[in-house]
Amino acid sequence: NIGYIRLTSFNENSSDQVKDKINIFKKKNIEYYILDLRNNPGGLLSQAIKISDFFLDKGEIVSTKSRKSSENRKWFAKEGDILNGDTFIVLINYGSASASEIVAGSLKDHKRAILIGERTYGKGSVQSIIPLRNQGAIRLTVSKYYLPSGQSISDVGVAPDFIVEESSDAFRINTETDNQLKFAIKLLNG
């Protein structure tokens with residue numbers, strides 16, 4: 001009765017893959033959903049926004065603030081939660097960064113998902129790569145990401161609703177040694 005989706009990065013196909021998987025689950029009478037963003041280093045902002053929007057009916061998803069106020073931006077959810085309010089858990093850990101933190105943080109701020117695991121990495125900066133004549137480049141932080149609550153992700157990350165630490169470095173995701181996933185399943189079935 002639980003649909004489990006593990007997303008390892010945010011590439012150009014991620015939102016389509018998540019949507020397709022949810023549509024398959026809906027045909028199988030799935031009641032609860034788990035989105036596993038552990039050890040997901042992030043990727044495309046556009047995909048993080050689309051995936052967040054799947055589960056939100058309205059409201060701000062994320063904003064960026066720059067030194068120049070004219071460069072500040074905000075992204076908002078369109079109407080329509082594809083899970084129709086079904087119970088939803090997001091698994092996070094220290095390896096969840098950037099786009100993962102945007103999804104987890106916006107869903108938490110809107111009280112749309114329960115976050116389980118460990119505090120995320122804290123990479124909330126928007127960077128531009130400036131090519132140099134010597135074939136090198138400079139990576140320059142141009143703005144920072146902010147959650148709907150107004151909190152910056154930078155350096156602090158996103159805190160889970162339930163802190164569940166892994167017992168050792170030997171754990172493997174989605175196996176018998178996965179305490180965070182076990183806790184999520186127990187919470188859903190309890």
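## Basis

Residues are numbered from 1 along each chain as its sequence is written. In this predicted model, local features need pLDDT of at least 70 and side-chain atom pairs count only at pLDDT 80 or more, while totals for chains, interfaces and linings use all residues; side-chain values use heavy atoms, with hydrogens and water left out.

## Strands around β8

Strand β8 (residues 137-146) pairs in the antiparallel sense with β3 (residues 60-66) over four bridges and with β7 (residues 125-131) over seven bridges. Strands are DSSP runs of E, at least two residues, and helices are runs of H or I, at least four, numbered from the N terminus; two strands pair if DSSP finds at least two bridges between them.

Ser143 in β8 stands opposite Ser66, and Lys144 in β8 is the bridge partner of Ser125. The hairpin of β7 and β8 has five residues between the strands, and Gln135 there takes a positive phi near 75 degrees.

## Aromatic pairs

The whole structure holds five aromatic pairs (ring centres of Phe, Tyr or the six-membered ring of Trp within 6.5 Å; planes under 30 degrees apart are stacked, over 60 edge-to-face, the rest tilted). Phe25 and Tyr33 have ring centres 6.3 Å apart and planes at 55 degrees, so the pair is tilted. Phe25 is buried at 10% relative accessible area, and Tyr33 is buried at 3% (buried is under 20%, exposed over 50%, partly exposed in between, with a 1.4 Å probe and protein chains only).

Phe54, Phe55 and Phe88 form one aromatic cluster.
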